[in-house]
Amino acid sequence: MRILVVEDEVRLADALRRGLQAEGFAVDVANDGTTGLKLAKESPYDVIILDIMLPGINGFKLCALIREAEIWCPIMMLTAKDGELDEAEALDTGADDFLTKPFSFTVLLARIRALLRRSGTSRPTQLTVGDLTLDPASHGVFRGSTSIELTSREFSLLELLLRRKGEVLTKADIIEHVWDYDFEGDSNIVEVYVGYLRKKIDQPFGTKTIRTIRGAGYVIS
Ligand code: CA
């Protein structure tokens, strides 16, 4: 899942990037509102995190502009002070949630998971197909009762396919949600990672969870 962080405090932005990447998210950071708007329009993010006090365009305005551009991904605003007015304005400009600084990273992650659940059509806390289960909160993946170890990129790819169960995802779709803006490699990387995943979630169990749709992409169903 791919996240855009718009935050001008460089140390906080870097900490968020590192923390979210360690959790398996692909993360892009913008340090001002103008860049944030440009990135939001260019890539289909799964969640956008917006600071309010930003150079260029402030967070409220940016949130409104993102919605004006008909981008409907979940938005979480970071409010600097514990002010009811800020929070009300955040929600009124089209944000889905807000978090008051300073916040705990654990709470931020839980809120992000809640936003990701809300954006899907179904809202399970665990994602499943057949007897394969992925738990976004604990990062656990199980086939029946057998635990499967995945790298963070493999986990992220499986999470995307499960969140879009039944939908054929092209390599471009997958790269947009699993890799960040700095990725400039070949889209064949997707094939490579689907191969890694199959070796872990399917081959040992004689199952075929991920189907290749020739010329189109991949689907879990
Ligand atoms: Ca700020």
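This is a predicted model: local features need pLDDT of at least 70, side-chain atom pairs count only at pLDDT 80 or more; totals for chains, interfaces and linings use all residues.
**Entry 1: confidence**

I began with the confidence scores. The mean pLDDT of the protein is 90, and 95% of the residues reach at least 70. I then looked up the scores by element. Helix α4, residues 84–92, has the lowest mean pLDDT of the elements, at 74, while β1 has the highest, at 97.

D8 has a relative accessible area of 28% and is partly exposed. D51 has a value of 3%, which is under the 20% cut-off, so I wrote it down as buried.

**Entry 2: α6 against α8**

Next I took helix α6 (residues 152–163) and helix α8 (residues 188–202). Their axes are 10 Å apart, and the helices pack at an angle of about 90°. I therefore recorded α6 as roughly perpendicular to α8. On the α6 side, R153, E154, L157 and L158 make the contact; on the α8 side I listed Y193, V194, Y196, L197, K200 and I201. Sorted by class, the contact of α6 with α8 has seven nonpolar and three charged residues, and no polar ones.

**Entry 3: L161**

I stayed in helix α6 for one more residue, L161. Is L161 buried or exposed? Its relative accessible area is 1%, so L161 is buried. Beyond its neighbours within four places in sequence, I found L161 in contact with L169, I210, Y218 and I220. I also looked up L127, which is 34 residues from L161 along the chain. The C-alpha atoms of L161 and L127 are separated by 9.9 Å.

**Entry 4: α7 against α8**

Helix α8 also meets helix α7 (residues 171–178). The axes of α7 and α8 come within 9 Å and cross at roughly 80°. This angle falls in the range 65 to 115, so I noted the two helices as roughly perpendicular to each other. K171, I174 and I175 of α7 make the contact with N188, I189, V190 and E191 of α8. I counted the classes here too: four nonpolar residues, one polar and two charged.

Which residues of α7 are buried? I listed I174, I175, H177 and V178. What covers them includes β1, β2 (26–30), α6, α8 and β11 (217–220).

**Entry 5: S221**

I ended with S221, in the segment after β11. With a relative accessibility of 52%, S221 counts as exposed. Leaving out its neighbours within four places in sequence, I found contacts of S221 with V129, K165, G166, T209 and R211. For R211 I also noted the separation: S221 and R211 are ten residues apart in sequence, and 8.1 Å apart from C-alpha to C-alpha.

Terms used
Residues are numbered from 1 along each chain as its sequence is written. Side-chain values use heavy atoms; hydrogens and water are left out. Axes are lines fitted to C-alpha atoms, for helices over the stretch in contact, and angles run from 0 to 180 degrees between N-to-C directions. Helices (H or I, at least four residues) and strands (E, at least two) are DSSP runs, numbered from the N terminus. Angles under 35 degrees count as roughly parallel, over 145 as roughly antiparallel, 65 to 115 as roughly perpendicular and the rest as oblique. Contact means heavy atoms within 4.5 Å. Ala, Val, Leu, Ile, Met, Phe, Trp, Tyr, Cys and Pro count as nonpolar, Asp, Glu, Lys and Arg as charged, and the others, Gly among them, as polar. Buried means under 20% relative accessible area, exposed over 50%, partly exposed in between (1.4 Å probe, protein chains only). pLDDT is the predictor's confidence in each residue, from 0 to 100.
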